[in-house]
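Here are a few notes to read alongside the model, written as numbered points.

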Amino acid sequence: TWFQNKPTQARSYAGKVLLTVKSPDVREEADELSLDADICKLQENSRMRKIGDPVPNFTGEREIRGRYKGNATAFPFAPTVLPITGEIDVAFIFVDWADLPGTQTDYDYFNYSAEMFSDFYWMASENKLKMKMHIEDKWHRVSGSYLDYATVSPEEEAQRGEAPKKQVFYDAVVAAVDDEIDFTDIEIVLIAIPTAKSVFVGGPHEFNFDWNGNFKTADRTIYDIAAPGDFNIQRTASGTPTWSYFVHEVGHMLGIPHQADEDENKPGAKKYVVTPLGGWDVMSEHGGGQRTMTTWLRWLAGWLDDDQIACTTKEEVDSEFYELTPVNVIGGKKEALVIKLSETKAVVVESRRFDKKFDVETGNSPNGLIAYTVDATRASAQGNQVILSPRDITEYIKQENTWPDWRELDAIFFQGDSIVIEGIKIEAYSIGKDSDVVKVSK
């Protein structure tokens with residue numbers, strides 16, 4: 001397991017998967033209360049795709065161009081040209097300039113980033129997706145000055161539309177490395193740059209379905225690329241580490257949706273509106289305190305099996321207990337409870353723990369349950385997952401060691417915390433050492 005537990009004095013329910021409450025004093029254990037998981041697989045019906053739309057099996061980069069509708073937020077999953085299970089060959093390249101040479105400190109930092117990136121996907125995929133890393137053992141010198149390639153605005157790194165300056169950078173990197181690296185099997189290129197000076201603002205990145213930039217080598221042309229910018233290079237103990245930036249952007253390359261609501265990303269907009277999952281998911285804020293993925297995204301991608309999901313509906317709820325394993329535990333028996341509220345909306349409850357490998361200490365305990373709604377009518381980048389808080393979601397709690405935003409959505413259900421949504425009460429009945437118990441009732 002990857003996570004680190006902080007044990008409480010709560011009663012342990014280890015081994016008791018599901019319980020039914022018959023009266024306040026009588027509990028009867030049940031083998032299976034949850035319904036068939038297929039019942040809880042909301043079908044996406046958004047501006048991006050409609051129910052019944054075919055899910056193409058793209059065979060290559062040229063075939064996907066102009067045909068991919070975007071990352072899916074509900075079922076069915078919309079794969080890209082990259083596999084979601086198995087192996088992906090990733091080239092991790094170090095480049096520098098005569099007036100911005102790479103250092104051993106930088107090399108060590110980025111080598112660590114490459115390993116963390118690979119380890120994260122191995123964990124999040126339940127050991128179903130291996131990033132086969134081809135990590136260069138030296139810095140490759142790019143011609144000219146770093147200032148020839150530096151960007152000063154997001155427009156110069158545009159994900160879509162005209163962005164010729166970043167293509168000049170990609171071409172220069174290819175010229176510097178093509179004679180020494182075999183790209184025949186490479187599917188993703190991740191690029192490391194020296195950290196002493198500012199080169200990129202946010203970090204140029206490409207997705208195989210956008211075709212806004214490419215890495216044209218003698219062996220093949222690659223359309224999945226990412227290089228870090230100022231926002232994603234952790235120069236201090238706090239900040240957004242490069243590895244979580246790579247995780248986020250590669251997630252989109254694989255078909256995993258963006259969790260911010262970019263429709264609401266306007267001056268003066270509230271954080272809980274623009275990023276309704278806050279820092280509780282790396283596809284929402286890759287600089288937040290918990291650098292993991294929600295169980296809904298893992299289930300959607302096929303990394304969590306159906307038998308790891310407890311499913312019920314609003315109509316079926318009586319008074320039940322469900323035991324949940326923390327999300328970063330590989331092979332947990334039940335890692336999510338999904339309560340279907342309607343054909344387009346569900347509530348997901350999952351268990352969280354501080355993970356000393358991936359998370360950052362914020363000064364606030366992440367040990368407990370979180371709950372969020374899933375709205376199948378919202379597409380990627382429309383905030384289709386929204387945190388439900390047992391307290392006032394508009395009152396942020398201060399988090400340490402994150403940058404640039406100190407605000408955290410107050411989401412954790414500690415023992416005894418509860419909410420009511422559409423007549424359903426969701427309560428953190430027990431927060432245990434290795435699992436949590438959620439009580440659901442009307």
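Which residues does S389 touch, not counting residues up to four places away in sequence?

1. In this predicted model, S389 touches D410, A411 and I419 once those sequence neighbours are set aside. You will find S389 in the loop between β15 (385-388) and β16 (397-398).

2. For E400, 11 residues from S389 along the chain, the separation between the two C-alpha atoms is 20 Å.

3. Please also look at K166, in helix α3 (residues 164-177). Is K166 buried or exposed? At 1% relative accessibility, K166 is buried, because the cut-off for that label is under 20%. Leaving aside neighbours within four places in sequence, its contacts include E156, E157, E206, H205 and N212.

4. Now the nonpolar cores. The largest has 72 residues, and F120, Y121, L254, W296 and W303 touch the most other members. Helix α2 (residues 104-124) supplies the largest share of this core, 10 residues. Another core, of 28 residues, lies apart from it and has Y170, I191, V199 and A227 among its members.

5. On aromatics, the whole structure holds 27 pairs. W296 and W299 form an edge-to-face pair, because their planes meet at 85°, with ring centres 5.6 Å apart. These two are about one helical turn apart, being three residues apart in helix α6 (residues 295-301). Both count as buried: W296 at 1% relative accessibility and W299 at 2%.

6. F321 and Y429 are also edge-to-face, with ring centres 4.4 Å apart and planes at 80°. F321 belongs to strand β11 (residues 319-324) and Y429 to strand β19 (residues 424-431), so this pair ties together parts 108 residues apart in sequence. F321 is buried at 2% relative accessibility, whereas Y429 is partly exposed at 24%.

7. Ring pairs join F92, F94, Y107, W139, Y245 and F246 into a cluster. Elsewhere, the charged end of R407 sits over the ring of Y396, 5.0 Å from its centre.

Terms used. Residues numbered from 1 in each chain as written. Predicted model: local features only at pLDDT ≥ 70, side-chain atom pairs only at ≥ 80, totals over all residues. Heavy atoms only, no water. Helix = DSSP H or I, 4+ residues; strand = E, 2+ residues; numbered from the N terminus. Contact = heavy atoms within 4.5 Å. Buried < 20%, exposed > 50% of the residue type's maximum accessible area, 1.4 Å probe, protein only. Core = buried A, V, L, I, M, F, W, Y, C linked by side-chain atoms within 4.5 Å. Phe/Tyr/Trp six-rings, centres within 6.5 Å; stacked < 30°, edge-to-face > 60°. Lys NZ or Arg CZ within 6 Å of the ring centre and 35° of its normal.
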